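Hi there,

Here is the structure I said I would pass on. Please have a look at it first, and then read my notes below.

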Amino acid sequence: LLKERITAGITQAKQEGKHCGRPASAKLKSERVITRYRKKMSVAEIARREGISRSSVRRILLAEQVLS
């Protein structure tokens, strides 16, 4: 019964266009990450200053084809 109610609630939220899941915090910082990397700042330093993980910084740089 509980599982059915949870599933129904999630389905209704999706139909209403509400976001489900974690917020994409690292993607919101992608412009600053790219700018800092182009200014020769290290991946570790960017991660510390932005408050995200090094792997998130690398993922952003690879997605934008800034890092090879």
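**How the helices pack**

H3 and H4 are roughly perpendicular to each other (angles of 65 to 115 degrees count as roughly perpendicular, under 35 as roughly parallel, over 145 as roughly antiparallel and the rest as oblique). They pack at an angle of about 110°, with their axes 8 Å apart. Axes here are lines fitted to C-alpha atoms, for helices over the stretch in contact, and angles run from 0 to 180 degrees between N-to-C directions. Helices are DSSP runs of H or I with at least four residues, numbered from the N terminus.

Before going further, a word on the source: this is a predicted model, where local features need pLDDT of at least 70 and side-chain atom pairs count only at pLDDT 80 or more, while totals for chains, interfaces and linings use all residues. Residues are numbered from 1 along each chain as its sequence is written, and side-chain values use heavy atoms, with hydrogens and water left out.

On the H3 side the contact is made by Val43, Ala44, Ile46 and Ala47, and on the H4 side by Arg54, Val57, Arg58 and Leu61; contact means heavy atoms within 4.5 Å. These residues divide into 6 nonpolar, no polar and 2 charged (Ala, Val, Leu, Ile, Met, Phe, Trp, Tyr, Cys and Pro count as nonpolar, Asp, Glu, Lys and Arg as charged, and the others, Gly among them, as polar).

**H2 and its partners**

How do H2 and H4 cross? The axes of H2 and H4 (residues 54-63) come within 10 Å and cross at roughly 85°, so these two helices are also roughly perpendicular. Ser30, Val33, Ile34 and Tyr37 of H2 meet Val57, Ile60 and Leu61 of H4. That contact has 6 nonpolar residues, 1 polar and no charged.

H2 (residues 30-38) also packs with H3 (residues 43-50), at an angle of about 145° and with axes 10 Å apart. The crossing of H2 past H3 is right-handed. Here Arg32, Val33, Arg36 and Tyr37 of H2 touch Val43, Ile46, Arg49 and Glu50 of H3, a set of 4 nonpolar, no polar and 4 charged residues.

Glu16 sits in the loop between H1 (2-15) and H2. A polar contact of 3.5 Å joins its side chain to that of Lys18 (a pair of N or O atoms within 3.5 Å; within protein, one must be able to donate a hydrogen and the other to accept it, and residues adjacent in sequence count only if both atoms are side-chain atoms). With a relative accessible area of 45%, Glu16 is partly exposed (buried is under 20%, exposed over 50%, partly exposed in between, with a 1.4 Å probe and protein chains only).

Best wishes

Key:
A crossing is left-handed if the near helix is turned anticlockwise from the far one by less than a right angle, and right-handed if clockwise.
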